[in-house]
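Subject: Structure handover

Hello,

Here is the structure for your files. My notes follow below it.

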Amino acid sequence: MAGILQNVFSKGIYTLKAPENVSKIKTLVNHSALYFGLIVYTAIGAKIFQLLELPTELDRLETHQALLVTKRVLLMRTLTNQTNMERDDYEQFVDSALSSYELTCSSASSAGVDIVSKEFSYNWDYIQSCFFSLTILTTIGYGNFATETFGGRLFCLFFGIIGIPLMLSVLADVGGLMAGGLELAWESNRKRVIMVAEKLHIIKKREEEDENCPSSSSGGLESSILTFVGTLGILGIFFASGALLFTIWEDWT
């Protein structure tokens, strides 16, 4: 039994050491390391953003929350305790207090405090921090929230300087893999596509072409045109699918 296991292990090692397998393993490791590096870089950056920005945001929200509660109490006291004033003076006094409360409500609502429940939700949880990190790396920049502290802005600058080239490397690698996949798909289905194109009279049949002009290179040209048209078709499907999903998820036209 030990001899059989040793034999299998030796064959496995020999197979892995074969030049073509070593090359494949190196390619796989390179791709995996690139993607894993981007994931780790994004995760670490998101945590640093959260550590830098969350305390300031919580302090700001708690301040707005306390101010909202205080202004509401003051408004209630104004409405109930100033009954001995003249009518015109009382109306002016209440109008001033109400305007002050409305301004506080507007400011608190903009900051993220719910006017009714007086509760708040913050932007810089870990998931949102990851989302913000990805908007920096992809240079999308939605702008729905941004860093406010000096430390957060400074870190954002260096995070983008290092991370954007890393993201571009990953995108280039993904593009290479997609191009390779398209090329493989074309080579696997090339004959089928040409047969369909011939039946639809998009291109001439090979027999007629060989009889009329044996030395012509139009076959290669037609093949290149089919490749170009197929690529455009795939891109069109990709963009149309994205547009359809956006209309479903975002209720857009």
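Helices (H or I, at least four residues) and strands (E, at least two) are DSSP runs, numbered from the N terminus. On that basis the protein chain has 7 helices and 0 strands, and its elements run α-α-α-α-α-α-α from the N terminus on.

This is a predicted model, in which local features need pLDDT of at least 70, side-chain atom pairs count only at pLDDT 80 or more, and totals for chains, interfaces and linings use all residues. Residues are numbered from 1 along each chain as its sequence is written, and side-chain values use heavy atoms, with hydrogens and water left out.

Of the 253 residues in the protein chain, 21% are buried (under 20% relative accessible area, with exposed over 50% and partly exposed in between; 1.4 Å probe, protein chains only).

A nonpolar patch on the surface is formed by Ile 225, Phe 228, Val 229, Leu 232, Leu 235, Phe 238 and Phe 239, which together have about 750 Å² of accessible area. Areas come from the Shrake-Rupley method with a 1.4 Å probe; for residues, only the protein chains shown count as cover.

Phe 239 is in helix 7 and counts as exposed because its relative accessibility is 56%.

Regards

Note on methods:
Patches are made of residues with over 30% relative accessible area and no salt bridge: like charges are joined within 9 Å, nonpolar side chains (Val, Leu, Ile, Met, Phe, Trp, Tyr) within 5 Å. A salt bridge is a side-chain nitrogen of Lys or Arg within 4 Å of a carboxyl oxygen of Asp or Glu.
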